[in-house]
Amino acid sequence: MPGFQAHITGSSIVGVGYATAAWYVGGMPPMTCFLGGAACIAAGMLPDLDSGSDGSMPESVAIAAATLPLLLLHRLQQFGLPMEAVILLGVAVYAVIRFGLAWLLEHYSVHRGMLHSLPAAAIAGQITFLAFSHDEPLRRYFVSSAVVLGFLSHLVLDEIWSVRLGLFGSRVKKAFGTAMKFYGPVVWSNIVTYVLLIGLGLLAASDAARAERRSLARQQMEQAARPYQYNVQI
C-alpha cells in the first residue's frame, strides 16, 4: 500500500491543482485558494486515522487535531466569545482529538474500515463545512470540497496500489475495493457512519440555508444603501 510520502505527494498535487484552477478560472481570492490547497493536502492523510499506532495514524491524528481548531476560530468568534475563551476552546478541541479520538481509533477502528470509504469522505467535507464559517458561502463550499478531494486522493491511490503490474499482466490484490466503497463488513461501523453522514448532512444543509439568507440580506442592504451614498456625495 502507498505510504505517507506517496499520499502526501498525491494530495499535494491535487491541492495545488485545485487551488490554482480556483484562482485562475474561478476568481477565488488568493488566500482562500491557499487555505483550500492546504486543507486538501492535509485531508490526504485523514483516511489513515484507522491505521493503528504502527501505521500513519499518529501523523493523521496530529494533522486533524491541529487543523480543526484553526477552522473553528471564526465560528467561535461569531458567538461573541472573548479571545481567551476562543483560545481555551481551541486547545480543548485539540486535546480531545489528539488524545481522545486517538484512543478510540486505536482500540476500536479497523484498518481499511469505514474510514476508508466514500461516506467518510463526505463526512470529512461536512465537518469542514460546519467548522469553517465565512460571510461568503462560496468560500465555505470551496474549502470543504478541497477536503473531500484530498480525502478521495488517498482512496484512489490505495486502489491503484492494489493492482500489481507484472510481465504476464496485472494482478489484483485482496485489498482491491476496500478503499472506494460505500459499506464495510462490520455492521455497527456502517450504522455509525451513515448516522453521522445523515446527521451532519442535515446540520450542514440547515447551516447553509441560514448562511445563504444572511448573505442575501447583506447584499440587499448594500444595494439599498448605494443610492443613499450616491445622494450624499452629490
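This is a predicted model: local features need pLDDT of at least 70, side-chain atom pairs count only at pLDDT 80 or more; totals for chains, interfaces and linings use all residues.
Figure 1. The whole structure contains three aromatic pairs, and W23 with Y24 is one of them. The ring centres of W23 and Y24 lie 5.5 Å apart, with 35° between the planes. This pair is classed as tilted, because planes under 30 degrees apart would count as stacked and those over 60 as edge-to-face.

**Figure 2. The ring pair of F129 and Y141.** The planes of F129 and Y141 meet at 25° and their centres are 5.3 Å apart, so this pair is stacked. F129 belongs to helix α5 and Y141 to helix α6, so the pair ties together parts that are twelve residues apart in sequence. F129 is buried, at 6% relative accessibility. Y141 is partly exposed, at 33% relative accessibility.

**Figure 3. Packing of helix α5 against helix α6.** Two packed helices are described by the angle between their axes and the distance between the axes. Helix α5 covers residues 118-131 and helix α6 covers residues 137-161. The angle between α5 and α6 is about 155°, and their axes are 8 Å apart. Angles over 145 degrees count as roughly antiparallel, and α5 and α6 are therefore roughly antiparallel to each other. The crossing of α5 and α6 is right-handed.

**Figure 4. Residues at the contact of α5 with α6.** On the α5 side, the contact is made by L118, A120, A121, A124, G125, T128, F129 and L130. These meet R140, Y141, V143, S144, V147, V148, F151, L152 and L155 of α6. By class, the contact has 13 nonpolar, three polar and one charged residues. F129 and Y141, the stacked pair, are both among the residues listed for this contact.

Figure 5. T32 is located in helix α2, which spans residues 30-43. The relative accessibility of T32 is 8%, under the 20% limit, so T32 counts as buried. Apart from neighbours within four places in sequence, T32 is in contact with R139, F142 and V143. V143 is also one of the α6 residues that meet α5.

Methods:
Residues are numbered from 1 along each chain as its sequence is written. Side-chain values use heavy atoms; hydrogens and water are left out. Helices (H or I, at least four residues) and strands (E, at least two) are DSSP runs, numbered from the N terminus. Buried means under 20% relative accessible area, exposed over 50%, partly exposed in between (1.4 Å probe, protein chains only). Contact means heavy atoms within 4.5 Å. Axes are lines fitted to C-alpha atoms, for helices over the stretch in contact, and angles run from 0 to 180 degrees between N-to-C directions. Angles under 35 degrees count as roughly parallel, over 145 as roughly antiparallel, 65 to 115 as roughly perpendicular and the rest as oblique. A crossing is left-handed if the near helix is turned anticlockwise from the far one by less than a right angle, and right-handed if clockwise. Ala, Val, Leu, Ile, Met, Phe, Trp, Tyr, Cys and Pro count as nonpolar, Asp, Glu, Lys and Arg as charged, and the others, Gly among them, as polar. Rings of Phe, Tyr and Trp (its six-membered ring) pair if their centres lie within 6.5 Å; planes under 30 degrees apart count as stacked, over 60 as edge-to-face and the rest as tilted.
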